[in-house]
Amino acid sequence: MSAVQFVVEGGQRLQGAIRPAGNKNAALPIVAAALLTDQPVQLLNVPRIRDIETLVDLVRTTGADCEWTGPNALRIHARSVHAADLDPHMCARIRASILLAAPLLARCGSVTLSPPGGDVIGRRRLDTHFHVLQALGATYELGARFKFETSGLVGADVFLDEPSVTATENALVAAVAASGRTVLRNAASEPHVQDLARFLVALGARIEGIGSNVYTIEGGLPLGGTTHEIGPDHIEVGSFIGLAAVTRSTLRIEGAGIEHLRSTLMGFERLGIRCEVDGDDLIVPAEQSRQIQSDLGGHVPKLEDQPWPAFPADTMSIAIVTATQCDGMILFHEKMFESRLYFTDKLVNMGARIVLCDPHRAIVSGPTQLRGSTVESPDIRAGMAMLLAALCAEGTSVISNAQQIERGYERLEERLGALGARIRRIELSAR
């Protein structure tokens, strides 16, 4: 992976319209699920980012044909697939490699995977994947690599021990291939999980309960091909709301997927940032109160993430940077990942007033004028948050390890540059 730096000149007002990319967390399981059918699948609005490219390369190693037919259009045809050991180095680069377990089990009866990689934001347990696949008729062996086998997947009534997004996605794919009925309870229902379910239905699957935490799947039906368009990334929309807020800019976010933004908009309103809905678009005005809304009685408010449809965990880093430019004090409670808030020390070095209470809670007091600095992107979402901080800071900032940001955001320097941002991308070397 090439090492990338962003050199950012802060303090620029932005203006214009921007369209969110396709949801990467929908595209990843859908690319994997395309292996379920031996018919061609055409995917549209696929974000051309590092994580997707890595998964596509992994899918090719199974024997499936994968071809980019346009800038964001991907054709996959898995006429026949084999479950040879998947490249451990490629698996280690993305967490989504675990999503190949269910479709390859369904098509081949066995698959061997190396432990998946991804962001270093704390422990990300995989237990739910193993439990649900076992409940649907698979066996597994744990060691340096994970080996799954099945003589045939069979439907079952399954309670997930946590509403894990990727485990729910593996479970949905396995259930579609399993014979008989499956009921998944305490399942995740994020927009990207819903998008995967709609893709599976387009292939010919029968799924009830899409958008809820209980799915009923009639498995074993014949599957065909389809053309499917990935929905907009609601996390990217949240990032652009934060971008407009911290740079005091008016931005139009086109095709924002308004139906999935209730909790996001409510969270930003708590920071004094209000948006206007115009058809399918979202407008973030430059003029905002930026007054953090105290709880009744004048108490310090709290913004916390929870499973969908509550405020998304992946938007917390963006909200924290936004709060540094708002008037008042607020407690952020990151419940899901014990290492995600550690990036706040970089904001403190830039001039932010933040107290990290413990790995899960941080208090932000604003507003503060941030100063340009040299920082490193620790993960996708914190990296994007650091970019927002650099764009509103005085002076020039250098963000190293920016290839982490590019795992989740497409052509940022180009897209934000069109709005007036001054970002220079430097590719340093291959490593």
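A salt bridge is a side-chain nitrogen of Lys or Arg within 4 Å of a carboxyl oxygen of Asp or Glu.

**Entry 1: ground rules**

I am working on a predicted model, where local features need pLDDT of at least 70 and side-chain atom pairs count only at pLDDT 80 or more, while totals for chains, interfaces and linings use all residues. Residues are numbered from 1 along each chain as its sequence is written, and side-chain values use heavy atoms, with hydrogens and water left out.

**Entry 2: salt bridges**

I looked up Arg-252 and found its side chain in a salt bridge with Asp-281, at 3.0 Å from N to O. The two partners sit in distant parts of the chain, 29 residues apart: Arg-252 is in strand S14 (residues 250-253) and Asp-281 in strand S16 (residues 281-284). The labels come from DSSP runs, numbered from the N terminus: helices are H or I runs of at least four residues, and strands are E runs of at least two.

Are these two side chains buried or exposed? I use these cut-offs: buried is under 20% relative accessible area, exposed is over 50%, and partly exposed lies in between (1.4 Å probe, protein chains only). Arg-252 has 27%, so I note it as partly exposed. Asp-281 has 15% and counts as buried.

Next I checked Arg-422, which pairs with Glu-9; their closest N and O atoms are 3.3 Å apart. Arg-422 is partly exposed at 44%, and Glu-9 is partly exposed at 38%.

How many salt bridges does the structure hold? My note says 24.

**Entry 3: helices side by side**

Two packed helices are described by the angle between their axes and the distance between the axes. The axes are lines fitted to C-alpha atoms, for helices over the stretch in contact, and angles run from 0 to 180 degrees between N-to-C directions.

I began with helix H1 (residues 24-33) and helix H7 (residues 191-203), which pack at about 30° with their axes 8 Å apart. That angle makes H1 roughly parallel to H7. For this word, angles under 35 degrees count as roughly parallel, over 145 as roughly antiparallel, 65 to 115 as roughly perpendicular and the rest as oblique. The crossing of H1 and H7 is right-handed, meaning that the near helix is turned clockwise from the far one by less than a right angle, with anticlockwise being left-handed.

Which residues of H1 and H7 make the contact? Contact means heavy atoms within 4.5 Å. I listed Asn-25, Ala-26, Pro-29, Ile-30 and Ala-33 of H1, and His-192, Asp-195, Leu-196, Phe-199, Leu-200 and Leu-203 of H7. By class, this contact has eight nonpolar, two polar and one charged residues. In this scheme Ala, Val, Leu, Ile, Met, Phe, Trp, Tyr, Cys and Pro are nonpolar, Asp, Glu, Lys and Arg are charged, and the others, Gly among them, are polar.

Then I turned to helix H10 (residues 316-323) and helix H12 (residues 380-392), whose axes come within 8 Å and cross at roughly 20°. That makes H10 roughly parallel to H12. H10 brings Ser-317, Ile-318 and Val-321 to the contact, while the residues from H12 include Arg-381, Met-384 and Leu-388. I noted seven nonpolar, one polar and one charged residues for this pair.

I found a cis peptide bond from Trp-308 to Pro-309, with omega near 15°. Pro-309 lies in the loop between strand S17 (302-304) and H10. The bond from Gly-366 to Pro-367 is also cis, with omega near 0°.

Last, I looked at phi. Arg-290 is not a glycine, yet its phi is positive, about 50°. Arg-290 sits in the loop between S16 and S17, and at 4% it counts as buried. Asn-401 has a positive phi too, near 60°, and is buried at 16%.
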